[in-house]
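Open the model in your viewer and keep the selection panel to hand.

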Amino acid sequence: MKGNSSLKFEDHFQLSSADLQKILSLSLSRGGDFSEVFLEYKTYNLINMEEDIIKETAESISLGLGIRVLSGEKTGYGYTNDLSIKGVKKAALTAASIASSPRIQAASPLKLSRLEHNFYPVLRSPHLENLEKKISLVKNCYSAAMNLSSKIKKVKVSFVDQTQQVRVINSEGLDIRDARPLIKLVCLAIAEKKNKREAGYSGGGGRVGLEYFDKTLPPEEIGQDAAKEALELLEAVLPPAGEMPVVLAPGHSGVLVHEAVGHLLEADFNRKKTSIFWDKMGKKVASSQVSIYDDPTIPHFRGSYNIDDEGTIPTKTLLIDRGNLTGLLQDRLSARLMNEPCTGHGRRQDYTFIPIPRMSNTYIDRGEHTPEEIIFSVKKGFYAQKYQGGQVEDSGKFTFSVSSGYLIQDGKLTAPVKQATLIGTNIDILNKIEMIGSDLEFGLQTGTCGKEGQSMPVNDGCPTIKIARMTVGGQN
Amino acid sequence: MTAERAQLKLTELAEDLVSLGSRKGADEIEVSILDGYEFSVDVRWGKIENLVEAGSRALGLRVIKEKRTAFASSSDLSRETLERLVENAVKRAALSSPDEFSGLPSLSSQQIDILSLHLFDPEISKLDSKEKIALALETERIALEDKRITNSHGASFETKEIKSVLANSNGFLREYKQTLCGLSLGLQAGETDSRVEDYWFSTKRHFRELEPPEKVARNAVRRTVRQLSPRKIKTQKVPVIFEPMMTSWLLGFLFVCISGVSIYQKTSFLAGKLDKRIGNSRVNVIDNGIMSGLLGTRPFDAEGVPCQRTVVVDKGILKNYLCNTYAARKLKAKSTGNSTGTGVAPNNFYLEPGETSPEKIISSLEKGLILIRTLGHGLNPVTGDISRGAFGLWVEKGEVVYPVSEVTISGNLGEILNNIEAIGNDLEFRSPVCGPTIQIRELTVAGE
């Protein structure tokens, strides 16, 4: 299947650097103080398997550009997939119209930046691998789930690969590129016993090539994990309800740090003073065992990037240092308005969106306790293992939906538990963290975070954590 | 705009690709094109934050060869790219498995009169930017006059104009235009460490039907400040009243559970329940894609099947699943005009109203919770289990006594449908999925 998918990135845009330079100047023609063009070419492939057959495959192409003009606190934005000079000029003038200042600045000459780092070297870009190879991964995952037990009645496997090529140029002369591979293999398994039916889920991937499935996580393991979870949930009891000690499993529980802390440390919410953290910089907001990082530079992780979507080289950012609030996730606009350094956390779903501060890979750093001693310290409580997701609002109130966990009785994990909800207010819960394990792990490389209608690949992690008391929602 | 010329070109492009697909060996091919224009403005504390204006197009195609299916889509509408995508899809179809249920719907003899659906408002394209910005500014300004409001997430006004074209190798070729406009506002009240927040919005197809700034602002303020000084409550089982927005949320979950795709995939607890009782006799649920001018209205679905009125639940009995062509063939049923392509989506999907006013429902409640917002996920279609973070108003002797926060509600959709004790008369079609106020006999509310 040859075609122009092997074209160089620039060749998808019939725009020379000189054209782009003119576009940057045109977008400042109403007096804006900064302008930027985000060019994107993204290919996407999908394979679905269910009912024992490869049901469908899909191929998708996204090509377009977005032009942004800043004028003080205001942002003007135009995007287009009409890449004729006329179409692009129209988008530039739309963005330009946000400003109305007599002081017209010229755009600096573009200077190409070459990156010295690559956080996701791959043997071969996943979109260039042949489809048959990807289909065999899907089939192997499917059979492993289906064959685990006769109680597994239904399996669904999807494989997605995506390659996003971006180029960011701006009126300060920046001209920088990134090519980001991203793959994901996910499995849903449904187990049945008498009239009971439960679903298990697993998956893997990241900014990796297909070699990941040979070396790091075989597709069979993904299938088996999903099936095992479904089988175990058949035996699960409904959770207890009320306040009790809660132990969070390592890895998957990273969704806690993502929801309860990460979002509210995104700079826009603090600049606008809507986040509960806005007036707490330098203050103690968590138990002194808690340190939290966001790190876009972890090799091959789903949330990583060589440059953010404003062209900034990202930095590992310490958000909470032994209980004290020390950092925010900054994009260009918030950093400028708050007079802080930009941390390289300006991300956007695609060229149709304005970049905003986002998380990448967020985690609670390891502590001193063994996971065994943490569980042993709880007489009666709840162990939260896997999650469907979570949500937070600016006031710090958050919830997580726990899909599977265990009861803790006399320091041991006992009956498996399904479908519980944890709820709390972030600073309150952060201060109730009593013990942190030494077993830092990360969640499945399949997570997606939503904010203001934009979905971004992220990952999060944490060690085993004990929270002294937390409200568990259940039916018993 | 050169609307006429663009229109001509898009239907021609769709037809060209259909015939190209047939020439390249596809047994069946379907091409859809969206041509959209959007405007949005966000204001906060009286100033513009973001102004976005853009036009964009996207094309999707489905190819079937020897009962094997391949999909493709592109925002690059150059002929070269599109022709390559068609060729690739025909070749790629060979790698899928043959599936006797695949294929396009046959051409329906009946077609809905598009103009009678009132999906397009010409007034929207005549609004100028200043007018649109002023609406957002005015909405926020009115809300901020209330001194209990301590911060603003801002107000937004947006408009969309979308043209949809669909062509297939069974001879279907139709297009329609639709408009949307929306005004919304998010607010906070209380000091930093005890903030509460909420929002309100109005979305309509016709500008003159949009709630005016005063109404959006007053509602956002009322919904926010009523949560100030919340209490936690003890864990207990109590009657719960769902406000209409919460009933809509519950109906959204019901939709997932009665979607033909979930049924044939056996991922819903309602699989195998056709013609059986799934709720008490108060429960009537309808999907109707042909109600004039509503948000979930469309003349035909993503496969060109005419939309219709489908009774989903009749006096508690499950009568129909909502299907696209594929799910319908799997379930030996007929497509209900709910296709989105591979999946299904609601048209106007609603719980029929009852006769009691919401005020009467609340005043008859001895003790219980009015559910006003939920937070989080916690919906499991396989079991029907629900577990969510919740915000509410505590009621004693028929009166709201204080707001409640940091609780969770849990229950099961199957049980909830059997335990609806009252249905309000306050159904409004604010979103494609909606319902009136309802009262549930008992749910577990977990707190302290």
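Begin at Tyr350(B), which stands opposite Cys434(B) in S17(B). Strands, like helices, are DSSP runs numbered from the N terminus, a strand (E) having at least two residues and a helix (H or I) at least four. This is a predicted model, in which local features need pLDDT of at least 70 and side-chain atom pairs count only at pLDDT 80 or more, while totals for chains, interfaces and linings use all residues. Residues are numbered from 1 along each chain as its sequence is written, chains are lettered from A and ligands numbered from 1 in the order in which they are written, and side-chain values use heavy atoms, with hydrogens and water left out.

**Strand S11 of chain B**

Select residues 348–351 of chain B, which form S11(B). Asn348(B) and Tyr350(B) point one way from this strand, Phe349(B) and Leu351(B) the other way, and all are buried. Buried means under 20% relative accessible area, exposed over 50%, and partly exposed in between, with a 1.4 Å probe and protein chains only. In a regular strand the side chains alternate between the two faces of the sheet.

Two strands pair if DSSP finds at least two bridges between them. S8(B), residues 285–288, pairs with S11(B) in the antiparallel sense over four bridges; here Phe349(B) is the bridge partner of Asp287(B). S17(B), residues 433–434, runs parallel to S11(B) and is joined to it by two bridges.

**Cysteines**

Select the cysteine sulfurs next. How many disulfides are there over all chains? The count is zero, a disulfide being a pair of cysteine sulfur atoms within 2.5 Å. For Cys449(A), the nearest cysteine sulfur is that of Cys462(A), 16 Å away. Cys449(A) is buried, at 5% relative accessible area. In chain B, the sulfur of Cys323(B) has its closest cysteine sulfur in Cys307(B), at 14 Å, too far for a bond. Cys323(B) is buried as well, at 1% relative accessibility.

**Helix H1 of chain A**

Move to residues 17–27 of chain A, helix H1(A), and colour Asp19(A), Leu20(A), Ile23(A), Leu24(A) and Ser27(A), which are buried. These residues lie on the same side of H1(A), because they cover an arc of only 140° around the axis; the arc is that of the directions from the helix axis to the C-beta atoms. An α-helix has 3.6 residues a turn, so residues three or four places apart point the same way. The cover over the buried residues of H1(A) includes strands S1 (34–50), S2 (53–71) and S5 (152–170) and helix H2 (85–96) of chain A.

**Arg167(A)**

Stay with strand S5 of chain A and select Arg167(A), which is buried at 4% relative accessible area. Its side chain makes polar contacts with the side chains of Ser17(A), at 3.1 Å, and Asp175(A), at 2.9 Å. A polar contact is a pair of N or O atoms within 3.5 Å; within protein, one must be able to donate a hydrogen and the other to accept it, and residues adjacent in sequence count only if both atoms are side-chain atoms. Not counting residues up to four places away in sequence, the residues that Arg167(A) touches include Phe9(A), Leu20(A), Val37(A) and Ile176(A), contact meaning heavy atoms within 4.5 Å.

**Lys273(A)**

Go on to the loop between helix H7 (267–271) and strand S9 (292–294) of chain A, where Lys273(A) is found. Lys273(A) is partly exposed, at 41% relative accessible area. Leaving aside neighbours within four places in sequence, its contacts are Trp278(A), Asn151(B), Gln188(B) and Arg195(B).

**Salt bridges**

The structure holds 54 salt bridges over all chains, each a side-chain nitrogen of Lys or Arg within 4 Å of a carboxyl oxygen of Asp or Glu. Select Lys379(A) and Asp410(A), whose side chains meet in one at 2.9 Å, N to O. The two are 31 residues apart, and the pair links distant parts of the chain. Lys379(A) is exposed at 61% relative accessibility, and Asp410(A) is exposed at 53%.

Finish with Asp385(B) and Lys418(A), which form a salt bridge with their closest N and O atoms 3.3 Å apart. Asp385(B) lies in strand S14 of chain B and Lys418(A) in strand S17 of chain A, so the pair joins two chains. Both residues are buried.
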